[in-house]
Amino acid sequence: MNEEPSVEAAWARITAWLRTHAPATAASLHPPAPARERALAEERTGVLWPEQLRTWFSLHDRWDRDAGAAVLPGWPGPMSLTRALDDRQLRLKIEQDVTADDEDAAEHRAEVAQQEAGQIAGAFLPAFIALDENQSGDALFVDCRRGPRHGCVTEWIDEAFDGAGPVWWSIAQMLSDVADHLEQQTPCRYWRPQVEDGAVRWELDDLWDSTSRCLARAEQ
């Protein structure tokens, strides 16, 4: 993989672009939760977070979705720290309820939890921390399992689960890629950035960006 920029540098590019071109979205950004709350949140999960995930939550604590906060392509607006933890607990409870009377499913879940990050799980694991979600129950999450791909970003899609594999190898790569497409006004995968009434949105586009760095799976 090519050397990637820092999360902070990529974030600065995105927020600078928003302030200039999508001020309504820029104004809806919430400041981060206190450092102590962020540390306690990680402790509550019992999972070792990648440094980039800690940095992600040190930079913001969500956007107001009603203001048009579709900063990440195809998603309505990044979660707050509290919402990310609540979402995780809900998904884990659903997973546990489903496997409660299914020994094979429970065994599979235990096995994939020990695999390296980036490997398809087919189950929502304690090591998954969501960044964004939509009304269909889909989520964009960070895989905190150990291994060379610790911290990769994957989509959880209803009925398909994480079956497509990682989309970005890291949060920094994701943000850098988004910044590129905002600045160049080009499609990120199949989403093209648009600005309406000062708010950024991503519209479906027929022009698939086959060279985008966001396609981590194309690098496998």
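A nonpolar core is taken here as a set of buried Ala, Val, Leu, Ile, Met, Phe, Trp, Tyr and Cys residues joined through side-chain atoms within 4.5 Å. In this predicted model, the largest such core has 55 residues. Helix H7, spanning residues 171-184, gives the most to this core, contributing seven residues. The residues with the most contacts inside the core are Trp49, Leu53, Trp56, Ile171, Met174 and Leu175.

Turning to the rings, nine aromatic pairs are counted. In one of them, Trp49 and Phe57 lie 5.9 Å apart, centre to centre, with 40 degrees between the planes, and the pair is tilted. Trp49 has a relative accessible area of 3% and is therefore buried, since buried means under 20%. Phe57 counts as buried too, because its relative accessibility is 2%.

A single aromatic cluster is formed by Phe124, Phe128, Phe141, Trp156 and Phe161. Phe124, a member of this cluster, also has a charged neighbour: Arg91 lies over the face of Phe124, at 5.8 Å from the ring centre. A further arrangement of this kind involves Arg149, which lies over the face of Trp169 at 3.7 Å from the ring centre.

Notes: Residues numbered from 1 in each chain as written. Predicted model: local features only at pLDDT ≥ 70, side-chain atom pairs only at ≥ 80, totals over all residues. Heavy atoms only, no water. Buried < 20%, exposed > 50% of the residue type's maximum accessible area, 1.4 Å probe, protein only. Helix = DSSP H or I, 4+ residues; strand = E, 2+ residues; numbered from the N terminus. Phe/Tyr/Trp six-rings, centres within 6.5 Å; stacked < 30°, edge-to-face > 60°. Lys NZ or Arg CZ within 6 Å of the ring centre and 35° of its normal.
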